[in-house]
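Here is a friendly walk through one protein chain, meant to be read with the picture beside you.

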Amino acid sequence: MNPKIHISQPRHTSHQRRKDNSRQQTTVIKSPVVPFSGPHLFVQDGREKSLQRRHPWVFSGAVERIEGAPASGDTVQVCDTQGGFLAWAAYNPQSQICARVWSWQAAEKIDADFIYRKISNALNARNQLKLNQHSNGMRLIHGESDGLPGLIVDQYADVLVAQLGSAGAERWRDTIADVLQGLCKPVCIYERSDSDGRELEGLPKRNEILRGKLPAELSIAENGIHIALDVAAGQKTGFYLDQRDNRKLIGKLAEGRDVLNCFCYTGGFSLYALRGGAKSVLSIDSSAEALQLAQRNVELNGFDAARAEWQDKDVFEALRKLRDQNRKFDLIVLDPPKFAPTAAFAEKAARAYKDINLLGLKLLRPGGILATFSCSGGISDDLFQKIIAGAALDAGVDAQIVHKVHAAADHPVLLSFPEGAYLKGLVLRVAG
Ligand code: SAH
């Protein structure tokens, strides 16, 4: 227990309301005041509501005042205007998300033990859910959804790749590395803290070894498919683990089909389609490095390279060219990058999604399948479905949703943090 914390009042959360029926009035029970000698962040009246719903972000516009002089990464006590306890959070004066919640428990102390508990909880959850049975590539920590805001840790065989996207994660960097080293015993912990998000958080970019030594070659075996990856130069942490289950689904649907895989990266969907017995697989991406690795992956698995065709092209242009050439496919995958990181980009992103989906639907033979994805946090499930419905209408096809899909279970979504559900996908069958 933190000796500085004394809970002097009965513990109620301030959203507990007591209704006095006789007078038809609602009395709000105040959050307890929790003595703390460190810095305090007071949110404006009314802005405590999202925290009471356990949404883990405090936006700078919601702050009433700050007491003490917290530095980036310091733990602050987040309070309502009356000083009632709401949460412990990591402060970041440079970010629009100026505090990210570590804990809702007044009695919690944010220290190395806390970090240890949170990391071991995340690892235990994955073990209990038996997520490591069919792959040695797995997301071990999924940021806010695992109670560790801004921290992503992906495992690729005996290498871990960490992405520290918040001032809080940055503050506890060494502890996080020590705990991961102790619990997972990797040969290397590699840090890929070089996303654009780091700049928004006022943090320097980093792409380097955090612990151990990086093996010259690295691959995972996912559902029996070998996938080589480059954690230092690849995208994100090196690979898109979130699509694991969806790749498997495409593998099941690919038999005897002419497949088009757009935004193929290192060939994930293409490899499953080849194993699944696709007649041909055309894969398109604008990254030459990704395509090189994709072709190595075909070799690594001993698949027939003659069935695989690769195009280093912009998908928007390539789809138009395929249309003009009158090429047709039976199964098309569209897995573009994040067009709308936030809702502010939704309109522009919607046009881009509609464009590629309209073109994709037109390239399908009757009875063909379109697996279409959005990993944009700024596009909701509903909006995505509406965009695709609009594309089908304009393409003049009747299409049915046969699967609604999302990220694999090692990317859990905290109910109080819907932003965690960034990946959405629809598998459609167009009428025969
Ligand atoms: N489907 C992949 C992940 C795709 S990530 C998998 O399962 O692993 C998005 C990919 O789109 C990246 O490889 C990126 O290089 C590529 N990309 C981004 N913009 C593009 C464009 N305009 N044309 C072609 N490829 C693009």
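Leaving aside neighbours within four places in sequence, His226 is in contact with Ile220, Ala221, Leu271, Asn297, Leu300 and Asn301. This is a predicted model, so every contact here comes from a prediction. You can find His226 in strand β15. Is His226 buried, exposed or partly exposed? With a relative accessibility of 36%, His226 counts as partly exposed, because that class lies between the 20% limit for buried and the 50% limit for exposed. For a sense of distance, look across to Phe417: His226 and Phe417 are 191 residues apart in sequence and 33 Å apart in space, C-alpha to C-alpha.

Strand β15 covers residues 225-228, and the loop between β15 and α6 (244-253) holds Gly234. Gly234 is buried, at 12% relative accessible area. Which residues does Gly234 touch, not counting those up to four places away in sequence? They are Arg192 and Tyr265. Gly234 and Tyr265 are separated by 31 residues in sequence, while their C-alpha atoms are 9.4 Å apart in space.

Tyr265 has its own story. Its place is the loop between β16 (258-262) and α7 (268-275), and Tyr265 is buried, with a relative accessible area of 8%. Its phi is near 50 degrees, a positive value in a residue other than glycine. Why point this out? Most residues other than glycine have a negative phi.

Lys185 also has a positive phi of about 50 degrees although it is not a glycine. Lys185 sits in the loop between α4 and β12 (188-193), and it is exposed, with a relative accessible area of 63%.

| Helix | Residues | Length | Reach, first C-alpha to last | Expected reach |
|---|---|---|---|---|
| α4 | 173-184 | 12 residues | 16 Å | 16 Å |
| α11 | 381-395 | 15 residues | 21 Å | 21 Å |

In α4, the buried residues are Arg173, Thr175, Ile176, Ala177, Val179 and Leu180. The residue that follows α4 is Lys185, with its positive phi near 50 degrees.

In α11, the buried residues are Phe384, Ile387, Ile388, Gly390, Ala391, Ala392 and Ala395. What covers them? The cover includes α10 (346-362), β20 (364-374) and β22 (424-430). After α11 comes Gly396, whose phi is positive, near 75 degrees.

Finally, step back to the whole chain. How many helices and strands does the chain have? There are 11 helices and 22 strands. The radius of gyration is 24 Å, close to the 22 Å that the globule rule gives for 432 residues, so the chain is as compact as a globular protein of that length. Along its principal axes, the C-alpha trace spans about 75 × 55 × 35 Å.

Of the 432 residues, 53% are buried. Among contacts with a separation of 6 or more, 64% join residues 24 or more positions apart. The accessible surface comes to about 19,700 Å², and carbon and sulfur atoms hold 50% of it. As for charge, the chain carries 54 positive and 49 negative side chains, and the centres of these two sets lie 5 Å apart.

Key: Residues are numbered from 1 along each chain as its sequence is written. This is a predicted model: local features need pLDDT of at least 70, side-chain atom pairs count only at pLDDT 80 or more; totals for chains, interfaces and linings use all residues. Side-chain values use heavy atoms; hydrogens and water are left out. Helices (H or I, at least four residues) and strands (E, at least two) are DSSP runs, numbered from the N terminus. The radius of gyration is taken over C-alpha atoms; the globule rule is 2.2 Å times the number of residues to the power 0.38. Buried means under 20% relative accessible area, exposed over 50%, partly exposed in between (1.4 Å probe, protein chains only). Contact means heavy atoms within 4.5 Å. Accessible areas come from the Shrake-Rupley method with a 1.4 Å probe; for residues, only the protein chains shown count as cover. Lys and Arg count as positive and Asp and Glu as negative; His and the chain ends are not counted. The place of a charge is taken as NZ of Lys, CZ of Arg, CG of Asp or CD of Glu. The expected span of a helix is 1.5 Å times one less than its number of residues.
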